[in-house]
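Trainee: I am new to this structure. Please take a close look at its pockets, with the terms explained.

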Amino acid sequence: MHAIWTLPAGDDQYSNRWRAIKKAFSKAIPKTEYRSAIRIKRHERGIWQRRFWEHTIIDDADYAAHMDYIHHNPVKHGWATAVKDWPYSSFHRLVKMDIYPLNWARLDLASF
């Protein structure tokens with residue numbers, strides 16, 4: 001899961017926020033995924049990546065690049081053949097707002 005957040009001024013509690021999201025989601029679904037012995041011992045769900053990466057957006061170009069990366073990610077991983085085909089994306093809302101064209105594709109995302 002990828003997200004771009006605007007946190008309140010002086011708030012840098014990424015870890016606490018991700019922990020709360022993971023915990024609430026994990027409690028809401030049955031434990032049917034495979035979990036290794038270490039994940040069971042640590043009370044971790046197999047649906048989550050152990051770590052997260054944060055990045056502070058520095059300017060409009062950086063913001064646009066990260067939005068493009070997020071929207072292209074399902075295609076990159078083979079979950080969709082085109083950005084418009086991934087139904088769980090903010091991309092569709094942004095198409096309605098005329099920010100992205102429906103057939104948008106970014107081919108130069110190798111730098112991420």
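Mentor: The second largest pocket has a volume of about 320 Å³. A pocket here is an open set of points on a 1 Å grid over the protein atoms alone, where a 1.4 Å probe fits, with protein on both sides within 12 Å along at least five of seven lines; lining residues have an atom within 4 Å of a point. The volume is the space filled by probe spheres set on the points, which are joined across faces, edges and corners. This is a predicted model, in which local features need pLDDT of at least 70 and side-chain atom pairs count only at pLDDT 80 or more, while totals for chains, interfaces and linings use all residues. Residues are numbered from 1 along each chain as its sequence is written, and side-chain values use heavy atoms, without hydrogens and water.

Around the second largest pocket stand 14 lining residues, with S26, H43, E44, R45 and W48 nearest its centre. Helix α1 contributes the most to this lining, four residues; helices are DSSP runs of H or I, at least four residues, numbered from the N terminus. By class, the lining has ten charged residues, three polar and one nonpolar. Asp, Glu, Lys and Arg count as charged, Ala, Val, Leu, Ile, Met, Phe, Trp, Tyr, Cys and Pro as nonpolar, and the others, Gly among them, as polar.

The largest pocket holds about 1,500 Å³ of space. Its lining has 40 residues, and M1, H2, A3, W18 and I70 lie nearest the centre. That lining divides into 24 nonpolar, eleven polar and five charged residues. Helix α3 supplies the largest share of it, eight residues.

Technical notes
Helices (H or I, at least four residues) and strands (E, at least two) are DSSP runs, numbered from the N terminus.
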